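Dear colleague,

Please find below the structure that I am handing over to you.

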Amino acid sequence: MGLAAFPRYAVATLRLCGACFELSALFLRWLERQGERDLEPIAAELASISNGAKALQFKVARAVNTKKALDAAPLLG
């Protein structure tokens, strides 16, 4: 895959994954404001996954651009 194909790949996988987890975290936080309890720890975990997906997206883009191998294990852990 070259750099030209990366935006389609990113939108279809990492960006969509990050967006879904971010939206889920926002929804749980909204539920807490509506009176539900004990959802913040879960929302924080979902937000963390979202941030990890975003970071991985940029690392993959950099690896594709520089044609260097990527060790994604730390971000996937």
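Which residue forms a salt bridge with R29? The partner is E40, and the closest N and O atoms of the two lie 3.0 Å apart. Please bear in mind throughout that this is a predicted model.

Salt bridges

R29 counts as partly exposed, at 28% relative accessibility. E40 is likewise partly exposed, with a relative accessible area of 33%.A search of the whole structure finds two salt bridges. E22 and K54 form a salt bridge as well, with their closest N and O atoms 3.2 Å apart. This pair also connects distant parts of the chain: E22 sits in helix α1 and K54 in helix α2, 32 residues apart. E22 is partly exposed at 34% relative accessibility, and K54 is partly exposed with a relative accessible area of 32%.

Cysteines

How many disulfides does a search of the whole structure find? The search finds zero. For C17, the closest cysteine sulfur is that of C20, at 7.2 Å, which is too far for a bond. A disulfide requires two cysteine sulfur atoms within 2.5 Å, so the 7.2 Å between the sulfurs of C20 and C17 rules out a bond. C17 is partly exposed at 30% relative accessibility, and C20 is partly exposed with a relative accessible area of 44%.

Nonpolar cores

The largest nonpolar core has eight residues, namely F6, A10, L14, L56, V60, A61, V64 and A72. Two or more residues of this core come from each of the elements α1 (6-33) and α2 (40-66). The largest share, four residues, is contributed by α2. Apart from this core lies another, of six residues, including L28, A43, L46 and A47.

With which residues is V60 in contact, leaving aside its neighbours within four places in sequence? These are F6, Y9, L14 and L70.

With kind regards

Notes: Residues numbered from 1 in each chain as written. Predicted model: local features only at pLDDT ≥ 70, side-chain atom pairs only at ≥ 80, totals over all residues. Heavy atoms only, no water. Core = buried A, V, L, I, M, F, W, Y, C linked by side-chain atoms within 4.5 Å. Buried < 20%, exposed > 50% of the residue type's maximum accessible area, 1.4 Å probe, protein only. Contact = heavy atoms within 4.5 Å. Salt bridge = Lys/Arg side-chain N within 4 Å of Asp/Glu carboxyl O.
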